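Please look over the sequence and the structure shown here before turning to the report.

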Amino acid sequence: MVRLGVARAQGRRGEIIAGLSERMLTLDPANHYSISATSVLRHVYDPLLDVTNDDKFAPALAESWRALNNTTWRFTLRKGVSFHDGSPFTADSVVFTLKRVRDNGKLIKSFVYQDIEDVQKDGDHAVTVTTKRPFGSLPAHLTMLGMLPPSAGEEAFFQKPVGTGPFRFVSWTHGDRVELAANARYWKPGVPRVEKVTVRFIPELSTRAAALRAGEIHVIDRVWPDMVQTLKATPGVKVLDTPALEAQRWHFQLARETVKDPRVRKAVSLAINRDVIIKDLLLGYARPVVSPIPPGLIGHTNLGQKPYDPEKARQLLKEAGQSKLTLDFVLMKDLYPKQLEIAQAVAAMLGEVGVKVNIRNLEIATAREQRTAGNYDLFYSGWAHMPHDPDWYFGQWFTKAGAEKLTRFSDPRVEQLIAEGRVPDPKVRQQKYAEIERILWDEEPEIWPYYSVAIYAISDKLSNFEARRDYYVLLHEVGIA
Amino acid sequence: MSRLRRYPMAAVGGLILGAVILAAAVAPLLAPADPIKPSFGKRLQPPRLLGGASPYLLGTDNLGRDILARLLYGGRVSLALATSAVVLAAAVGVTVGLVAGVLGGRVDDAIMRVADVQLAFPVIMLAIAIVAVVGTSAGALVSVLALSGWVLYARTVRASVLTIRQLDYVEAARTLGASDLRIILLHILPNTLAPILVIGSSQFATMVLLESGLSFLGLGVQPPQPSWGAMLAEGRDYLSNAWWLATVPGVAISLVVLGANLLGDGLRDLLDPRLRQ
């Protein structure tokens, strides 16, 4: 009763129920690259840094941080923070969490942290991280890594984990829901604003939308453009949208004779009417691309929109001796909203310039196998820049090692620039990345059709909900009437 | 014809099925527009049939394509696949059934056990597995569908053969020195035809459903080629704001299944000698 009284005094009341499109698969913050897991686990664990919706890094468990030199980062930690079980948060926690993710190769995020040489504590509230080579994107990656208590084991701990986050973990019904309860002793005053948060996993949009309209849930993510009108017309429902940190990108198989020729790739790009895709198919809920990476990320440089010029496309195909070209366009079934519709539109557009497109809509696992085997010309995919930093995207897709089993991209110039762009100095990074983007924009190893827009629908009872560009649904500062 | 009149349901079924097949067959003449070419400015127009202002009788789909045109061309695909599958299943099933019935013994045992194994697999599961391996060509689809259907014929024909084999006229033919093959083709096969026809027509309904199911799951005909199941799948996402996308192919599938079932039921009664007067 006393605690309830305290909660009331702070204005903390009610329960928020969210409906997320993607099922969560783990409670271990180091063992996923899932957007829904990042969202849910952010409530239970605090990372060292948060990233704001305008791509600025903000203090969470680290009060400040800076690069001492190209291979050393220093973090000063927040004092007086404790885990849900009462134990204090100290530098030991950071040392444990970072060494665990580096050393346990089974963890999905392990590969990112391989560059860490050592993690040293300096008293209870400061940590120095040294790296084997420059690791400028470390702060960005740390926004996605919740800090664990040093006593955390493996299996058993993650059945009922404790963190320092604004909510305590209560229960997880696999594939269905996660229940969380407010952490009354959270370090940030006035947070959280509700007593309870339940996250339900509802992959089908129409079901998700129906639950929202019926008032069963209060917020849904990944709304499709075609659903917006219906939702806007529903009393008590608000629709929010924001430019997402996601670029759609369909990559070519660069080892294939047909699309190896840059003239062919250019022709494909010229034949696609991106305006039609954005305006007619996505009803304006997308933005034209002006660079391989979306605005807001370090290095983004406006290189101007890709033109639509079927005449020139035909001419280029003729020059390349490919006037009777057939392309295999592989899709991962049901992964991206409206992908089949867009792929059919693209097939029709390419048909206009004499390119026949075979759409192959395959099971996700099969599609990935085909990609590894190189059995495709064009592969439908998107990239959400989750750590708010393009280093991962560049490293994965445009280094020889990263792209070996994907697109077979290999360009020593780009490889060099990616390595040089890993330093902590943002000015250097900006300049190197701008240069990479220029090369890619010119070579067109991928088709960049549009930047996505993230659409959410919420109950008008919610206050202070922020439509995030990274698709996270964060509820600790959200209240409910 | 007079007997047909006694089974009006068979006639109705036959008419429905006949009309749909005819419409699909002459699709190029009937279709008001290209079924594949998108018209982006004309997406999701409601059917004129229900008072919509658009010039499209059944409306347009999510890429602005005429749904009537897609329905007709999709029908060609769905019906052709189903028909081929029924014919292939019947050919295999009847042959195997005749062999099992006539030869008997170990051959019979072996064939019937294979049939049992086949029946033990859920058809959709089997289809998904096969299509995942060999791909979604028309040949593969027909084979998958036929694979799910041959057992029914094999068992029925085998049972008929076992009965007919004992009959006097078969004995007589054998005494006169007719070869096995001659007896099978001229004396036994014609007498098993009635049940085969009945199974064939009701199985046609199952095949249309199955093909639609596979296309719905994305394992059938690949877009932009229309097929009823694929149209249904694409329309599902638009149920709340453009219901006609899924409803139109859904009605078409229901009609064909209804027609084929009515026809099958009627044929069974019509061809059953015990019901003859």
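The report below takes up confidence, chain B, a sheet in chain A, the interface and some backbone details.

## Basis and confidence

This is a predicted model, in which local features need pLDDT of at least 70 and side-chain atom pairs count only at pLDDT 80 or more, while totals for chains, interfaces and linings use all residues. Residues are numbered from 1 along each chain as its sequence is written, and chains are lettered from A and ligands numbered from 1 in the order in which they are written.

The model scores ipTM 0.79 and pTM 0.85. For chain B the mean pLDDT (the predictor's confidence in each residue, from 0 to 100) is 86, and 96% of the residues of chain B reach 70 or more. Within chain B, confidence is lowest in helix H1 (residues 2-6), at a mean of 65, and highest in H4(B), at 91. Where pLDDT is low, the predicted coordinates should not be read in detail.

## Chain B

Chain B has 11 helices and 0 strands, where helices (H or I, at least four residues) and strands (E, at least two) are DSSP runs numbered from the N terminus. The C-alpha atoms of chain B fill a box of roughly 75 × 50 × 30 Å along the principal axes. Of its 277 residues, 44% count as buried; a residue is buried if 20 or more other C-beta atoms lie within 10 Å of its own, exposed if 12 or fewer, and partly exposed in between, with C-beta atoms placed from the backbone.

Helix H4 (residues 67-103) and helix H7 (residues 138-165) of chain B pack at an angle of about 35 degrees, with their axes 5 Å apart; axes are lines fitted to C-alpha atoms, for helices over the stretch in contact, and angles run from 0 to 180 degrees between N-to-C directions. The residues of this contact of H4(B) with H7(B) divide into 25 nonpolar, 6 polar and 3 charged, where Ala, Val, Leu, Ile, Met, Phe, Trp, Tyr, Cys and Pro count as nonpolar, Asp, Glu, Lys and Arg as charged, and the others, Gly among them, as polar.

## A sheet in chain A

In chain A, 4 strands form an open antiparallel sheet in the order E4-E5-E7-E6, two strands being paired if DSSP finds at least two bridges between them. Strand E4 (62-69) and strand E6 (116-121) are the edge strands, each pairing on one side only, and the twist averages 15 degrees from one strand to the next.

Strand E5 (residues 72-77) is joined to strand E7 (residues 126-131) by 5 bridges, and A:Trp73 stands opposite A:Val129 in E7(A).

## Interface between the chains

Between the chains, 19 residues of chain A are in contact with 17 residues of chain B, contact meaning that the C-beta atoms, placed from the backbone, lie within 7 Å. On the side of chain A that touches chain B, H11(A) gives the largest share, 6 residues, and the residues of that side divide into 7 nonpolar, 6 polar and 6 charged.

## Backbone details

Most residues other than glycine have a negative phi, and most peptide bonds are trans. A cis peptide bond joins A:Val191 and A:Pro192, with omega about -5 degrees, and another cis peptide bond joins B:Pro223 and B:Pro224, with omega about 5 degrees.

A:Arg222, which is not a glycine, has a positive phi of about 50 degrees, and A:Arg222 is buried, with 20 other C-beta atoms within 10 Å. A:Lys338, also not a glycine, has a positive phi of about 65 degrees, and A:Lys338 is partly exposed, with 16 other C-beta atoms within 10 Å.

Technical notes: Two residues are in contact if their C-beta atoms, placed from the backbone, lie within 7 Å.
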